[in-house]
Amino acid sequence: MRARYGVPLGITAVVAGGLLYSAGFEARSFRLRRVTVPVLPAGMRPLRILQVSDIHMVGGQRKKQRWLRSLAGLRPDFVINTGDNLSDPEAVPEVLDALGPLMDFPGAYVFGSNDYYGPTLRNPARYLLEKTSGKHGLNGNAPAVGVVHNPWEDLRDGFDGAGWLNLTNTRGTLKVEGVSIELTGVDDPHIKRDRYARVAGGPSDSADFSMGVVHAPYLRVLDAYAADGYPLILAGHTHGGQLCIPFYGALVTNCDLDTDRVKGLSAHTADGRRAFLHVSAGCGTSRYTPVRFACPPEATLLTLVGKE
């Protein structure tokens with residue numbers, strides 16, 4: 001009996017233990033990453049940006065809410081929210097409450113698909129199938145039918161009321177202690193809402209520093225930003241791969257970005273121009289896949305300094 005059932009029972013125990021760890025501990029093990037980016041013009045003082053992304057708030061996530069509120073203690077120069085705040089249509093008040101202390105600082109935001117639409121139960125293997133077929137989101141797949149529409153307008157009104165800039169296929173400017181920071185954003189490419197032609201043309205001569213913001217780091221948008229001369233692009237969406245293999249890394253990015261750049265700071269080149277790209281692994285998960293493995297939830301404090 002032992003010889004026959006020992007291995008299956010052992011495998012079952014390992015799988016169960018992994019699920020308990022990834023859902024009960026790692027998915028709630030919030031981290032702050034610090035990154036220095038040599039991207040500012042010579043002589044400009046350093047700028048500190050707090051990037052929050054992929055919160056995927058579900059009602060009752062008190063630990064996540066407390067952690068998000070605590071980030072205000074970092075005193076950033078400004079905040080960038082790269083979308084997917086919701087995983088529950090009833091969670092808008094909890095998102096606004098959790099981000100309330102951060103909305104005392106200048107900030108800007110773009111939305112992701114999960115701000116507009118509620119999550120659906122999916123077979124995780126579909127992410128691997130989409131990777132091999134080159135189809136992601138609505139980029140090549142049929143439009144979703146019967147999806148839940150989230151109250152994203154309430155989220156927008158809350159952010160706008162706090163003075164955060166809405167970067168939905170538009171540009172905006174923040175003033176930080178006399179420094180003019182131009183932010184150029186597009187709506188979520190994952191569901192084909194990006195309209196880069198509306199913001200094309202590159203940084204304005206009147207700005208002291210310019211950067212691009214997008215939720216999902218699809219190559220068509222990264223190419224456009226880099227070719228237009230933006231020195232820095234911020235994105236989210238990938239969850240850092242969410243379920244990673246130790247000492248190997250992510251299996252998927254849920255877009256056409258390569259897995260080597262699934263999270264953190266890297267470079268992107270187009271038409272001979274090079275930009276820094278920072279992809280946040282985010283701090284949440286879909287309510288239907290509340291697990292993370294070898295990829296803890298995070299926010300990032302980016303310190304921009306003068307070019308080397």
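How many bridges join strand β9 to strand β11? The legends below take up this question together with a helix pair. The structure is a predicted model, in which local features need pLDDT of at least 70, side-chain atom pairs count only at pLDDT 80 or more, and totals for chains, interfaces and linings use all residues. Residues are numbered from 1 along each chain as its sequence is written, and side-chain values use heavy atoms, with hydrogens and water left out.

**View 1. Strands β9 and β11 run parallel.** Four bridges join β9 (residues 232-235) to β11 (residues 273-279), where strands are DSSP runs of E with at least two residues and helices are runs of H or I with at least four, numbered from the N terminus. Ile 233 stands opposite Leu 277 in β11.

**View 2. Six strands form an open sheet with mixed pairing.** The order is β6-β7-β8-β9-β11-β10, and two strands pair if DSSP finds at least two bridges between them. Because β6 (170-176) and β10 (264-270) each have a single partner strand at the edges, one side of each is left without a neighbour in the sheet.

**View 3. Helices α3 and α6 meet in a right-handed crossing.** The axes of α3 (residues 92-99) and α6 (residues 152-161) come within 10 Å and cross at roughly 20°; axes are lines fitted to C-alpha atoms, for helices over the stretch in contact, and angles run from 0 to 180 degrees between N-to-C directions. A crossing is right-handed if the near helix is turned clockwise from the far one by less than a right angle, and left-handed if anticlockwise. In contact (heavy atoms within 4.5 Å), Val 92, Val 95, Leu 96 and Leu 99 of α3 meet Asp 154, Leu 155, Gly 158 and Phe 159 of α6.
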